[in-house]
Amino acid sequence: MEATEIRKLAALEDTHWWYRERRVLLARALRRLAAAGHAPGRALDVGAAGGGNTRVLRAHGWRPVALEYSAEGAGVARERGLDVIRADARHLPLPSASLGLVTAFDILEHFDEDHLAAAEIRRTLRPGGVALIAVPADMALWSAHDVAVGHVRRYDRASLRAVVEKAGLVVDELWSWNVLLRPVAAWRRRSSTGSDLNELNPLVNLGLRAVVTAERHLPVRALPGVSLMLRAHRPATA
């Protein structure tokens with residue numbers, strides 16, 4: 001992602017409906033992990049940008065490190081008081097089996113070799129450790145936005161599952177997100193000329209937030225959405 005897009009994301013992520021709801025979903029996933037007996041430990045937020053998700057990890061008792069490739073994103077995360085390392089997700093500078101949790105939201109789609117990034121997630125997780133992954137869904141939604149933010153592809157369920165399982169992870173759950181607003185996204189992106197990362201009118205932002213919040217309570221996760229989300233774990237045995 002270009003430096004301008006990183007700065008734009010960092011400026012928007014605290015208030016923008018998309019990023020706010022993603023943090024809510026992450027927080028809910030962390031609560032479920034805790035309820036299932038996963039005690040907080042060391043965590044890595046891959047592609048952390050300004051560190052919005054890293055702060056959620058820290059708030060739930062994890063000891064997170066924000067990993068960011070760009071100097072701009074790493075700088076913003078440091079300014080926010082987070083532990084940061086700069087590195088490529090395909091070559092994580094961390095010991096094998098050293099992490100209890102890895103989050104990788106909107107990362108795999110940036111690499112031709114997405115299997116290498118997935119393999120590194122698996123390598124750094126301890127046995128039983130959990131990966132939370134999000135990617136953009138469906139090549140039918142491909143647009144100038146994807147080009148502007150450096151995407152190589154969008155995924156369907158089969159292709160996302162395949163790359164994660166090839167890395168040696170066990171998929172526990174795979175679901176769609178941003179289902180209700182998919183028709184709006186499809187309509188807008190037919191005429192888009194660049195990134196969707198823009199500051200919105202507060203009323204528009206509030207309305208979109210209300211729609212995506214309603215999705216938490218509706219049985220729509222099996223339907224096509226704008227994103228796919230996945231929870232997986234490293235098995236205890238090879």
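Analyst: H2 passes H9 in a right-handed crossing. A crossing is right-handed if the near helix is turned clockwise from the far one by less than a right angle, and left-handed if anticlockwise. Helices (H or I, at least four residues) and strands (E, at least two) are DSSP runs, numbered from the N terminus. This is a predicted model: local features need pLDDT of at least 70, side-chain atom pairs count only at pLDDT 80 or more, and totals for chains, interfaces and linings use all residues. Residues are numbered from 1 along each chain as its sequence is written, and side-chain values use heavy atoms, leaving out hydrogens and water.

User: At what angle do H2 and H9 pack, and how far apart are their axes?

Analyst: Two packed helices are described by the angle between their axes and the distance between the axes. Axes are lines fitted to C-alpha atoms, for helices over the stretch in contact, and angles run from 0 to 180 degrees between N-to-C directions. Here H2 and H9 (residues 202-214) pack at about 30°, with axes 9 Å apart. That makes H2 roughly parallel to H9. The cut-offs: under 35 degrees is roughly parallel, over 145 roughly antiparallel, 65 to 115 roughly perpendicular, and the rest oblique.

User: Which residues make the contact?

Analyst: Contact means heavy atoms within 4.5 Å. H2 supplies Trp17, Arg20 and Glu21, while H9 supplies Asn205, Leu208, Arg209, Val212 and Thr213. By class, the contact of H2 with H9 has three nonpolar, two polar and three charged residues. Ala, Val, Leu, Ile, Met, Phe, Trp, Tyr, Cys and Pro count as nonpolar, Asp, Glu, Lys and Arg as charged, and the others, Gly among them, as polar.

User: Is Trp17 buried or exposed?

Analyst: Buried means under 20% relative accessible area, exposed over 50%, and partly exposed in between (1.4 Å probe, protein chains only). Trp17 has a value of 9%, so it is buried. Trp18 counts as buried at 15%.

User: How many aromatic pairs does the structure hold?

Analyst: Rings of Phe, Tyr and Trp (its six-membered ring) pair if their centres lie within 6.5 Å; planes under 30 degrees apart are stacked, over 60 edge-to-face, and the rest tilted. The structure holds two such pairs. The rings of Trp17 and Trp18 have centres 5.9 Å apart and planes at 80°, so this pair is edge-to-face. Trp18 and Trp177 are also edge-to-face, at 4.8 Å centre to centre and 70° between the planes. Trp18 lies in H2 (residues 17-35) and Trp177 in strand S6 (residues 170-177), so the pair ties together parts 159 residues apart in sequence.
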